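Q: Please take a close look at one part of this structure. Start with the whole, then show me how that part is packed.

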Amino acid sequence: MTARRACPPAVGPLEGYAARFDELFASLAQRRGFREYLTGLLLPRERNKTLTALAGAEPVAGAQHPAVQRLQFFLSESTWDAEKINTRRLELLAADPATASHADGVLVVDDSGDRKDGHATAHVARQYLGSVGKTDNGIVTVTTLWADERVYYPLHAAPYTPARRLPGGKNDPKFVTKPQLAADLVGRARAAGVAFAAVVADCLYGPSETTTLIGALTRAGLPYVLAVKPHMGVWARQDEPHTPIEAAAAAGWRSRRRPGGWRQVTRRFRDGHTETWWAADATLGAWAPDRQIRLVVATTDPATLPERSTGYLVTNRPRPGSPQATGSSLPPADLAEIVRCYGLRMWVEQGYKQVKQELGWADFQVRSDIAIRRHYTLVCCAFSFCWQANPPPPAGAPDTTRQKRGHPYQVHGGQTDADAPLAGYTPPHPQLADPSHTAATLLASLVTRAPTTPTPGTAHRRHHRPSNPRLQPALTNHR
């Protein structure tokens, strides 16, 4: 056997990360394609990160350029295994103490819907898309994410195939619901050795919509904190609460001096600020503080239960000191712990989705299932590289990201203080968007609950864009 030919290195610190995956690629072409694809994803966004954009070619007219065709072949026709790449990515995260999972983090289940035209692309159909808040033509992907108060990163992703795309509809053997996909992804996370305090998901995966995920987690003996809809009805006696919102009202709040069953809990955020919330164990049908499943209500105002800042949660983690906690294999959790766990789901709602948009999660223009899954894997690799380039602070340490960088910046009108680094920070490597800057900006935006400055539309972009980066040298198939 002959020695492998050396691969042209990637830009800056990306080479050290990409080299960790080299043994999983069979040829020089694959190793070089991996580097080029990640480089394109991490470059500053000037337009949608399609294959022409990743290769530095003109849109449409440059589709037949050799560099674009090589990336197309790497994504759609090459023989590398996306599952092995994702497994190696998770192994690298687990090997680094700064990003390794631990028992205080949470496993977040969510789905992401993105618009896609036509019907020839795998999994695309008319369905509800969370990114646009309505039913439209597009693709939905169920994802899992691990998060604690310092760091978050995607674990696995599985595209959802609507029943109408299958010959047998819902009776087709290949049809799998979103909660079933979620249960499978939780199993894959466990197989990868991911530790967590609870599986967390919104009401679309809770008992107000389906019991599929709860059933799978119960059989596996896993803790969970799942949201329910406030007006979900249950069977109960006439004089008892019939919905979660009625159960919250029955918790006995009168005033701060007479809170009834409500207790103060403190929510702590990454920037060091805190918020005072109120939480209570409520009783609704079979859900009660000392039963197998608890109903916990968390809100900023127990008197009015504002819709936007009130959560209704079910959990199988027992209340400390209760009879259920004695014989349970699950760790007990007080009200503050339940609220903390569900609060970490916000990484998906604000931070994680922004990163997916910045790295081109939905910008693919391929049609096959294998190519879509490979694109998702490569985006996740680019995202994980951000943490390697700029590790999170140790647990309990204050966020000193700005002081470390030492780069001056100016807050522009209409921009929050957390978004300021996006406008005024200069990346140290001109050929590559500073991944640590991207990650830190998005993390800061989560804390302040303000969206990151959006990518400008066509009408707002500069007429004179900077020249495209030089096209990469030709790839070869030599090993």
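A: The chain exposes about 23100 Å², and carbon and sulfur atoms supply 51% of that area (Shrake-Rupley method, 1.4 Å probe; for residues, only the protein chains shown count as cover). This is a predicted model: local features need pLDDT of at least 70, side-chain atom pairs count only at pLDDT 80 or more, and totals for chains, interfaces and linings use all residues. Residues are numbered from 1 along each chain as its sequence is written, and side-chain values use heavy atoms, with hydrogens and water left out.

The chain has 15 helices and ten strands (DSSP runs numbered from the N terminus: helices are H or I, at least four residues; strands are E, at least two).

Now the close look: helix 6 and helix 7. Helix 6 spans residues 178–191, and helix 7 spans residues 212–220. Their axes come within 8 Å and cross at roughly 30 degrees (axes are lines fitted to C-alpha atoms, for helices over the stretch in contact; angles run from 0 to 180 degrees between N-to-C directions). Helix 6 is therefore roughly parallel to helix 7 (angles under 35 degrees count as roughly parallel).

Which residues meet? From helix 6 come P179, Q180, A182, A183, V186 and R190. They meet T212, L213, A216, L217 and A220 in helix 7 (contact means heavy atoms within 4.5 Å). By class, eight residues in this contact are nonpolar, two are polar and one is charged (Ala, Val, Leu, Ile, Met, Phe, Trp, Tyr, Cys and Pro count as nonpolar; Asp, Glu, Lys and Arg as charged; the others, Gly among them, as polar).

Key
Angles under 35 degrees count as roughly parallel, over 145 as roughly antiparallel, 65 to 115 as roughly perpendicular and the rest as oblique.
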